[in-house]
Structure formats: structure tokens, C-alpha cells
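Good morning. I have a short walk through one structure today, and you can follow along on the screen.

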Amino acid sequence: MVEANSDSPDKIKDPLEIPKLICGAMADIRPYPAHPQHNTDLGFPPELIDNWKEVAIAKIGELAEKNRAFKLYLDICVKCGACTDKCHYFLGTGDPKNMPVARQDLLRSVYRRYYTFAGKYFPWLVGARDLTKEILEEWYSYYHQCSQCRRCSVFCPYGIDTAEISMAAREILDSIGMGQKYCNEIIAKAEKLGNNLGLSPKALKATLEDLEEELEDDTGHKIRLPLDEKGADILLITPSADFFAEPHIDGLLGYAKVFYKAGISWTMSSYASEAANFGMFIGSYENMRALALRIRKAAIDLGVKRIIFGECGHAWRVAYSFLNTLAGPFDFLDQNYPIPQHIVEFTYDLIQKGKIKFDKSKNDEYRVTFHDSCNVARGSNMGTIPGGQFEYPRAVLKACCNHYYDMDRDTIMESTLCCGGGGGLLTDELMDLRTKGASPRMSALQQASEDYGVTHMAAICAICKTQFSKIMPKFGYGMDKILSVHQLVSNAIILDDEPSEKNNGQNKQTTKGTKQNGAKLANKDDKEAS
């Protein structure tokens with residue numbers, strides 16, 4: 001078994017073990033506030049406005065009126081306790097305000113004070129509170145300790161979605177000038193430049209050209225990474241992390257090999273070079289839509305027939321659940337294919353049809369498990385079967401690996417434990433929260449290592465992969481123990497009918513030179529942006 005090192009938080013033997021309560025343990029944890037320009041770029045006030053109380057109260061009413069789910073969630077909680085131990089941040093920190101019901105009540109108590117009869121006239125009977133600056137600070141802290149993973153909603157008998165309440169709280173805070181730096185800066189960058197990293201088209205083109213050279217050197221095949229090519233069949237929308245860091249790049253190379261072997265024309269777009277949509281994290285429909293419309297415009301301008309999304313968890317939730325509402329209709333695409341489609345669906349379909357084959361021995365150095373990313377697991381599907389989002393990634397992994405094992409059933413699939421860095425929390429000032437929030441998942445991984453000898457964990461989310469590369473060393477694993485699913489596809493896919501000696505090394509992707517070229521122009525402070 002892999003042991004946690006001395007820098008790790010107290011190890012939890014059982015990933016779901018209920019911790020001792022530590023009131024206020026995380027009260028002082030909060031992200032950096034947004035620079036005024038970050039706020040105004042998104043249409044928000046530059047800083048806390050003078051009439052913040054009136055605006056915040058009005059915003060609660062506006063959201064309750066236009067979003068029936070939000071109002072329902074605030075009204076129907078019966079304090080049954082089913083959700084209390086379902087949040088990874090509560091399990092990792094012991095702070096009772098990180099219980100989903102308690103986090104909801106931070107906003108629910110104010111809503112009741114101003115928008116319910118009992119709260120207006122008998123506030124002490126229903127826990128209603130006047131909105132104060134102290135409560136604003138409490139919101140800013142604890143609503144940025146929710147990764148919007150929705151695990152609690154799986155166990156709530158009424159289906160209350162804490163993620164919706166967290167998104168609403170952040171939207172209220174933004175509306176009065178209390179935005180968060182990490183999310184707001186990234187959204188503004190993506191709206192202006194097309195990706196979270198601030199990569200220019202020139203830098204992106206140089207990066208892809210370097211990768212093409214390395215692919216040809218490694219495989220002996222001229223495998224392309226096309227950019228802005230009109231008339232291609234497929235537009236690939238992938239997280240910008242795929243352009244600059246491992247294991248993300250290795251996943252991108254896997255996509256390219258799959259397209260190459262399938263003989264399908266494809267392209268990426270410099271205008272829409274980002275799958276991620278951080279507008280969802282701050283609950284802003286307007287900013288979600290602005291980013292989604294870039295994808296629509298790119299698809300129209302390039303004349304593609306299909307849109308496929310790369311390995312990004314929340315991007316797939318936005319695409320699967322909201323893309324048509326935000327930027328549709330997509331009636332100009334080929335209606336014979338899913339609109340949109342996930343790269344895992346695409347690869348799975350090729351496997352089922354026998355169009356791509358693997359030498360599974362190329363991955364024999366790995367004993368692999370799979371981390372179900374929250375937004376994929378609880379906010380989307382793949383294919384046409386219920387639970388396809390669970391079955392398809394595992395089927396792809398089993399097709400290209402001889403050694404695959406699942407973690408404990410209570411910690412995967414619809415009950416999956418969050419990586420601890422999602423929901424706009426993947427920022428260095430929240431590293432303590434991220435580490436503690438990841439501890440339940442890491443305990444489940446340690447159990448799998450002990451039971452099955454698991455050495456690596458694969459994921460289909462850019463945020464998860466970035467988070468685990470930082471967190472795993474704190475639990476005794478190397479940062480390279482997190483893999484892209486299509487990295488393993490890349491390792492094992494057979495490009496030749498009879499692989500030559502020259503091509504036997506195709507599974508060993510090298511990306512040493514890539515990060516020193518175009519991608520280095522990205523702002524280093526934002527390297528975790530996607």
C-alpha cells in the first residue's frame with residue numbers, strides 16, 4: 001500500500017468515515033478577491049457597492065422568481081440529515097458549515113428573513129437572519145468551499161442541489177462587487193482570447209506544430225493536429241490544459257491518433273480553443289452563453305459537420321446539458337451524430353465497430369483505476385444507455401489495458417468522491433482546502449492500491465488531472481500517477497496493421513520541447529486555469 005507522507009492531513013482509514021466536528025475550522029479560508037477590472041470585464045461592479053444590502057436582497061428575490069428550482073431548494077429542506085456526511089470537504093475538514101445542509105442554510109436563513117411570512121414576522125422561530133457584512137464574509141468563505149460536485153444531491157430524498165445554491169450565492173456576491181479572482185479573471189480571458197490560458201493563435205499554432213513533429217518522430221506516421229482548417233468533418237473543443245502540460249498533452253496526442261486511425265478529418269479552432277466554461281461556476285448565464293457562442297461561431301465559420309469535446313468534466317456537463325439552450329439550435333450540423341459528442345463516446349464507438357485495435361501489453365506497467373469526475377458522473381450521460389457515462393470510459397480503459405480495477409463502489413460512479421479542486425477552487429491560496437477535500441478520494445485510492453496493487457488513476461477531466469498532479473505527492477504517490485484516459489489509448493493503439501520495430505515506441509510520448517515553445521507565453525499564474 002502507498003503510505004501518506006508526513007505532509008498529508010490525518011489519514012482517514014475509511015474514505016467515508018465521519019470526522020470529529022471542529023467548529024470554525026475553515027472560517028478563515030477564502031480565495032483572493034477579484035481585481036476591479038476582472039469584475040467589470042464581466043459586467044459586475046468593480047468593488048463592493050454602497051447599497052450592497054438592498055441589491056443583494058433584490059438579487060435573491062430575482063433568482064427565486066426566475067429559477068423555480070432555486071426557490072424550491074430553499075423552501076423544502078426538512079433537515080433530515082441525509083446529506084450531512086456526503087460532502088468531501090466536510091469529511092476532510094470536520095467543519096460543520098461544510099455539511100451541505102448547513103452551507104445551504106447560510107443563504108436560506110437570509111432568504112427566509114425577507115421572502116417568507118414566518119421569516120418576516122417570527123424570524124427567531126425559523127432561523128431567519130438579517131443580511132449583514134459578517135454574513136457576506138461567511139458566504140464568500142463557505143460558498144467557495146463547495147466544488148459544486150452534487151454528491152449531496154444524490155442522497156437527498158428531495159433532490160436538493162447544493163451546487164445550484166452555491167452558484168446562486170456566488171452570482172449574488174458578484175452582483176454587489178465581491179467577485180473571486182480565479183474564476184473572474186479566467187472567464188474574462190476566455191471571452192477575449194478564446195481560452196483560459198491567454199494563448200494567442202500564433203502560440204497555439206507553434207505548440208501544435210511542435211507536437212506534430214514529435215508524433216512523427218515517435219510513430220513514423222504523419223499524424224496531424226490541425227488548426228482552423230475549413231471543411232473538416234469534426235471540430236474538437238478541448239480544454240486548453242491539453243496544449244501545455246502533462247498528462248493533458250498525452251491525452252491530446254491520443255485523440256489525434258484515434259482520428260488518424262479512423263481516417264476522419266478534424267480541426268481545432270483558435271477562436272474557440274477552450275472547452276472549459278467557468279461561467280457555470282459563478283452561476284452567470286450571461287457569461288456561460290458568451291463562451292458557448294464562441295463554439296457555435298467557430299463551428300459555423302469552419303463549416304464542420306460535428307462537434308466533439310475532449311476530456312474536461314464540467315465542460316461536458318455544460319455541453320451535454322446546456323449547449324443547445326445557450327447557443328443553439330445546431331441544425332447546421334449533421335443530425336446523424338450526437339450533438340455534441342464526447343471523445344470517449346467517439347473512441348468507444350470505433351472500438352465497438354472494430355475500427356481501432358490495441359496492443360494492451362503496452363500498458364502493462366500500469367495497474368489502473370478510474371476516477372469518475374463529478375460533472376460527468378452527476379450532470380451528464382454518454383451514448384444511449386442509462387449510465388453510459390460510467391460504462392463507456394471503463395470499456396475504453398479495459399480495451400487498452402490488461403490491468404484495470406475499480407475503487408470501492410460507494411466512492412465511484414453516481415457516488416463518486418470529488419477531486420477536491422473543482423467548482424472554481426483550483427487556486428493556490430486554497431491548497432489546504434483542496435488537500436483536505438481530496439483526502440476521501442485519496443483514501444479510496446490507497447485502499448485500491450492495498451487490495452489490487454493499483455499504481456495509477458485515470459480521469460477524463462482537466463481540473464481533476466491538474467488537482468491530482470498537485471495533491472497525490474502529499475499522499476505518497478508521484479505526480480505522474482494521474483493519467484488521461486486517452487493517454488492510455490495513445491500508448492496502446494495500433495497504427496500499423498503489423499507494427500514495425502520503428503513504431504513499437506509509439507506509446508512513449510515525449511513532450512519535452514513543447515512546453516518551452518508557444519505555450520510558455522501563457523501567464524504562469526494561470527497554468528491551472530482549465
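This is a predicted model: local features need pLDDT of at least 70, side-chain atom pairs count only at pLDDT 80 or more; totals for chains, interfaces and linings use all residues.

Let us begin with helix H20, which covers residues 462-471.

Now take H19, which runs over residues 431-452. Two packed helices are described by the angle between their axes and the distance between the axes. For H19 and H20, the axes come within 10 Å and cross at roughly 95°. An angle from 65 to 115 degrees counts as roughly perpendicular, and the two helices are therefore roughly perpendicular to each other. On the H19 side the contact is made by Met431, Arg434, Thr435, Ala438, Arg441 and Met442. H20 contributes Gln467, Phe468, Lys470 and Ile471. By type, the residues of this contact divide into five nonpolar, two polar and three charged.

His314 is buried, with a relative accessible area of 2%. Leaving aside neighbours within four places in sequence, its contacts include Asn277, Phe281, Asn375 and Ile463. The other is Leu426, in the loop between helix H18, residues 388-400, and H19. Leu426 has 1% relative accessibility and counts as buried. Leu426 and Ile463 are 37 residues apart along the chain, and their C-alpha atoms are separated by 7.4 Å.

Next, the rings. The count of aromatic pairs comes to 13. One of them joins Phe259 and Trp266: the pair is tilted, with 4.7 Å centre to centre and 35° between the planes. Both Phe259 and Trp266 are buried. Elsewhere, ring pairs link Phe117, Tyr121, Phe122 and Trp124 into a cluster. Charged side chains also meet rings. Arg306 has its charged end over the ring of Tyr337, 3.7 Å from the centre, and Arg296 lies over the face of Phe330, at 5.7 Å from the ring centre.

Last, the backbone. Most residues other than glycine have a negative phi, and most peptide bonds are trans. Where does this model depart from that? A cis peptide bond joins Glu246 and Pro247, with omega about 5°. Pro247 belongs to the loop between strand S1, residues 234-237, and H13. Another cis peptide bond joins Ile339 and Pro340, where omega is about -10°. Pro340 lies in the loop between H15 and strand S4, residues 341-342.

As for phi, Arg150 is not a glycine but has a positive value of about 75°. Arg150 is in the loop between helix H8, residues 133-142, and H9, and is buried at 18% relative accessible area. Met413, also not a glycine, has a positive phi of about 55°. The place of Met413 is the loop between H18 and H19, and at 12% relative accessibility Met413 counts as buried.

That is what I have; I will take questions now.

Note on methods: Residues are numbered from 1 along each chain as its sequence is written. Side-chain values use heavy atoms; hydrogens and water are left out. Axes are lines fitted to C-alpha atoms, for helices over the stretch in contact, and angles run from 0 to 180 degrees between N-to-C directions. Helices (H or I, at least four residues) and strands (E, at least two) are DSSP runs, numbered from the N terminus. Angles under 35 degrees count as roughly parallel, over 145 as roughly antiparallel, 65 to 115 as roughly perpendicular and the rest as oblique. Contact means heavy atoms within 4.5 Å. Ala, Val, Leu, Ile, Met, Phe, Trp, Tyr, Cys and Pro count as nonpolar, Asp, Glu, Lys and Arg as charged, and the others, Gly among them, as polar. Rings of Phe, Tyr and Trp (its six-membered ring) pair if their centres lie within 6.5 Å; planes under 30 degrees apart count as stacked, over 60 as edge-to-face and the rest as tilted. Buried means under 20% relative accessible area, exposed over 50%, partly exposed in between (1.4 Å probe, protein chains only). A charge sits over a ring if NZ of Lys or CZ of Arg is within 6 Å of the ring centre and within 35 degrees of the ring normal.
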